[in-house]
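Subject: Structure for your records, with notes

Dear colleague,

Please find below the structure that I am handing over to you, together with its sequence.

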Amino acid sequence: LALPWSPYALDGDVCSVGQWFNIPGMGYTGFSDFAPGGGGTPLPVELVEFTASNAGAQVLVEWMTATELNNDYFTVERSADGINFLELIRVSGAGTSTEKREYSIYDDQPLNGISYYRLRQTDLDGTEDFSPIKAVQRSNSLVASVLAPNPTEGLIFWSGLAIDGGDYLLEITDVLGRVHLKRQIQLAAGEQTLSLDLSNLPQGSFRIRLQGARTAYTSSFIRQ
């Protein structure tokens with residue numbers, strides 16, 4: 001285990017890096033150059049940094065290695081409880097490298113609430129190590145939202161509580177994903193009501209989405 005690979009470490013703060021950890025009874029900490037067993041043999045990957053942070057509607061996961069030895073690939077994993085992890089994506093390693101290398105991926109469909117991310121590093125011989133776990137807090141920026149009347153013959157009202165004021169992207173799509181309306185709007189924080197004239201829409205089922213800086217409000221309606 002090289003800095004800061006560890007199956008023990010859990011960082012509670014969002015995107016904190018290089019937290020101190022201890023392996024009881026072994027005399028090693030998260031700042032040790034080498035881990036137990038190996039007698040000073042260089043380890044496959046020296047992880048310099050691993051972060052996860054909100055990036056608009058996505059979560060950005062980034063990491064940096066100082067050296068890699070027989071590194072096959074990384075697996076970015078995500079969990080809703082910090083215990084049970086599922087694979088998001090695999091990223092090829094550099095094999096053997098003595099140069100710093102930077103990696104990054106986006107989670108396009110992050111979980112609401114607290115989600116947990118970690119790296120699983122796999123050597124060419126199948127040996128695996130895990131990074132410290134990073135926690136990311138996400139919350140709905142719009143709650144208690146209502147569309148009425150629904151179905152509508154043209155005029156529809158959106159009412160909701162915007163926790164965050166600022167720019168929002170309003171988008172209306174049909175069941176095939178085709179965009180029928182797209183515009184930027186401004187919402188102040190607090191209770192808000194929008195009136196939308198949708199009389200130019202054909203009859204059918206549609207989805208309205210308001211995308212803010214964090215998460216978004218999405219709902220469906222029927223145009224009669």
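Predicted model: local features only at pLDDT ≥ 70, side-chain atom pairs only at ≥ 80, totals over all residues.

Residues are numbered from 1 along each chain as its sequence is written, and side-chain values use heavy atoms, with hydrogens and water left out.

The protein chain has zero helices and 17 strands (DSSP runs numbered from the N terminus, helices being H or I of at least four residues and strands E of at least two). Of its 224 residues, 43% are buried, where buried means under 20% relative accessible area, exposed over 50% and partly exposed in between, with a 1.4 Å probe and protein chains only. Among the contacts with a separation of 6 or more, 57% are between residues 24 or more positions apart, a contact being heavy atoms within 4.5 Å.

Once its neighbours within four places in sequence are left aside, F221 is in contact with residues including L147, I156, I172, L198 and F206.

F221 also takes part in one of the four aromatic pairs, for which rings of Phe, Tyr and Trp (its six-membered ring) must have centres within 6.5 Å, with planes under 30 degrees apart counted as stacked, over 60 as edge-to-face and the rest as tilted. F206 and F221 are stacked, at 5.7 Å centre to centre and with 20° between the planes. Because F206 lies in strand β16 and F221 in strand β17, the pair ties together parts that are 15 residues apart in sequence; both F206 and F221 are buried. Elsewhere, W63, F74 and Y103 form one aromatic cluster, and the charged end of R118 sits over the ring of F85, 4.1 Å from its centre (the rule asks for NZ of Lys or CZ of Arg within 6 Å of the ring centre and within 35 degrees of the ring normal).

Strands β5 (residues 58-79) and β6 (residues 85-97) pair in the antiparallel sense over nine bridges, pairing being assigned if DSSP finds at least two bridges between two strands. T75 has R90 in β6 as its bridge partner, and in the hairpin of β5 and β6, with five residues between the strands, G82 takes a positive phi near 80°. N70 is not a glycine and yet has a positive phi of about 55°; N70 is placed in strand β5 and is partly exposed, with a relative accessible area of 39%.

Finally, two peptide bonds deserve a look. A148 and P149 are joined by a cis peptide bond with omega of about -10°, and the bond from N150 to P151 is cis with omega near 10°. P149 is in the loop between β11 (142-148) and β12, where P151 is also found.
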